[in-house]
Amino acid sequence: MSAYMKYRIFLYALLLTGMIGLLGFTCYVVASRVPEKIVLKEEDESVLNLGLPFTGEIESQTVSGNYITSVNFNDSVSITTGQPGTYNVRLKLFGVFYYKDITLDVVETKEVYACGIPVGVYLKSEGVLVIDNARFLTMDGQYVNPCENIIKQGDYIVSVNNETISGKNELIDKVMTSEGNPLILGVKRGENYLEVKVNPYKDSSGDYKVGLWVRDDTQGIGTLTYIDENGNFGSLGHGISDIDTGEIFNIHEGVLYRASILYIVKGQSGEPGEYVGTIDYSTKNQIGLIRKNSNKGVFGIINTNPECLGQFEKYEVGYKYDVKPGRAYIISGVDENVKKYEIQIDAVDYSNNNLNKGIEFTVTDQELIGLTNGIVQGMSGSPIIQDGKIIGAVTHVFVNDSRKGYGIFIENMLGE
């Protein structure tokens, strides 16, 4: 084979590889934009602009039997809904090749109280969170690390010798009184449970240790997003992660408190600002009990008097496909009083990729810019209002531009 033919074959192979790669990337991008579920309000007309190369067959039941409605999701689709119900949508690529089924949920009109007040969050871990393990000097002058390659950062120790523990003091007590006998530790590692054996050693001061750094609680300041008619609340719009492990803090219980903001550190390019405040952990200052800490926020139930709802305004819930670029507002208690501050929604990501960053916006309100220079840490959870509906909550600030931020769709929080 001549050098010329080899060169042509190489070019054809390179071209084919590029085309396959481009096709694969295109398929990935398209797949990421296909929703698992579309939520629409009852008795309403909604316009969907998915821009996807799919047709959809919506199957519904009528008195005379099943009825199939065909729509083209590559164009704007107007859907008029009736009574609440769940419908199956069969997607076909280019109207020919079956791709997958997704769900169309028609839901009742829902209203919640939009809050925006600063809150203190206290979380108690399920068991004891392992931050790290380290070696230490024993009484006989040897360095040991009893938990090395046995206990990992991010593990939760939930029992010792088959006895449940709920805090680090219980763990310390059982190690101190072990008299050097092996301990069987029950450990939660992700979704798995395992039991491991660890040998305590006396350190140079004569105390039994296993060389673990642990934590059993965490706290911080955020913003209360909403309270529904049943007293359930959602806040923050993102989970609370442990500062050392970076993982969502796995909780047993928690408490929501009122928080007082002392002053605000304004955001600067490369340096996010923050609320600096205090939390009074007394019982009288409790707002609610926390039941869940997830990647969508912190959730629980209000335990204060119902009269507190009188200070908040009730809004209809707007779902993901109600959100559009344009003027909107955030509600936040930045300056002691809860106020609306104007923002501009710049982009909306309807895909499944950005759970906490579906809404991109810019702060345009000059009063808020004067107070904070945009979005600061502690404003996470501030409700986002558009067209008289609560559509989301603030979650993140751009590190290099404090006037720009991200938000989560409110429907993602209500799903918790």
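The questions and answers below concern a predicted model of one chain.

Q: What mean pLDDT does the chain have, and which element has the lowest confidence?
A: The chain averages a pLDDT of 86, and 88% of the residues score at least 70. Confidence is highest in strand E28 (residues 383-386), at a mean of 98. Where pLDDT is low, the predicted coordinates should not be read in detail. The lowest mean, 60, belongs to helix H1 (residues 3-33).

Q: How many helices and strands make up the secondary structure of the chain?
A: The chain has 416 residues, of which 44% are buried. Among contacts between residues at least 6 apart in sequence, 66% join residues at least 24 apart. The secondary structure comes to four helices and 30 strands.

Q: What share of the accessible surface of the chain belongs to carbon and sulfur atoms?
A: The accessible surface of the chain is about 21,500 Å². The part that belongs to carbon and sulfur atoms is 49%.

Q: Which strand gives the largest share of the lining of the largest pocket?
A: The largest pocket holds about 750 Å³ of space. Of its 27 lining residues, the closest to the centre are Ile221, His238, Gln377, Gly378 and Ser380. The elements that give two or more residues to this lining are strand E18 (212-227), strand E21 (274-279) and strand E29 (389-398). The largest share, six residues, comes from E18.

Q: How many residues in the lining of the largest pocket are charged?
A: The lining of the largest pocket includes eleven nonpolar residues and twelve polar ones. The charged residues in this lining number four.

Q: Which element gives the most to the lining of the second largest pocket?
A: The second largest pocket has a volume of about 440 Å³. Its lining has 19 residues, and the closest to its centre are Lys37, Val39, Glu411, Asn412 and Gly415. Strand E1 (37-41), strand E7 (97-107) and helix H4 (410-414) each supply at least two residues of that lining. The element that gives the most, with three residues, is H4.

Q: How many residues in the lining of the second largest pocket are charged?
A: The lining of the second largest pocket includes six nonpolar residues and five polar ones. The charged residues there number eight.

Q: Which strand gives the largest share of the lining of the second largest cavity?
A: The structure holds three cavities of 30 Å³ or more, and the second largest cavity has a volume of about 40 Å³. It is lined by Val39, Leu40, Lys41, Ser46, Tyr319, Tyr321 and Asp322. By class, these are four nonpolar, one polar and two charged residues. The largest share of the lining, three residues, comes from E1.

Q: Is Asn149 buried or exposed?
A: Asn149 lies in the loop between strand E11 (143-144) and strand E12 (156-160). Although not a glycine, Asn149 has a positive phi of about 65 degrees. Because its relative accessibility is 77%, Asn149 counts as exposed.

Q: Is Asp387 buried or exposed?
A: Asp387 is in the loop between E28 and E29. Its phi is near 55 degrees, a positive value in a residue other than glycine. The cut-off for exposed is over 50% relative accessible area. Asp387 has 55% relative accessibility, so it counts as exposed.

Note on methods:
Residues are numbered from 1 along each chain as its sequence is written. This is a predicted model: local features need pLDDT of at least 70, side-chain atom pairs count only at pLDDT 80 or more; totals for chains, interfaces and linings use all residues. Side-chain values use heavy atoms; hydrogens and water are left out. On a 1 Å grid over the protein atoms alone, a cavity is a set of points where a 1.4 Å probe fits but cannot get out, and a pocket is an open set with protein on both sides within 12 Å along at least five of seven lines; lining residues have an atom within 4 Å of a point. Grid points are joined across faces, edges and corners, and a volume is the space filled by probe spheres set on the points. Ala, Val, Leu, Ile, Met, Phe, Trp, Tyr, Cys and Pro count as nonpolar, Asp, Glu, Lys and Arg as charged, and the others, Gly among them, as polar. Buried means under 20% relative accessible area, exposed over 50%, partly exposed in between (1.4 Å probe, protein chains only). Contact means heavy atoms within 4.5 Å. Accessible areas come from the Shrake-Rupley method with a 1.4 Å probe; for residues, only the protein chains shown count as cover. pLDDT is the predictor's confidence in each residue, from 0 to 100.
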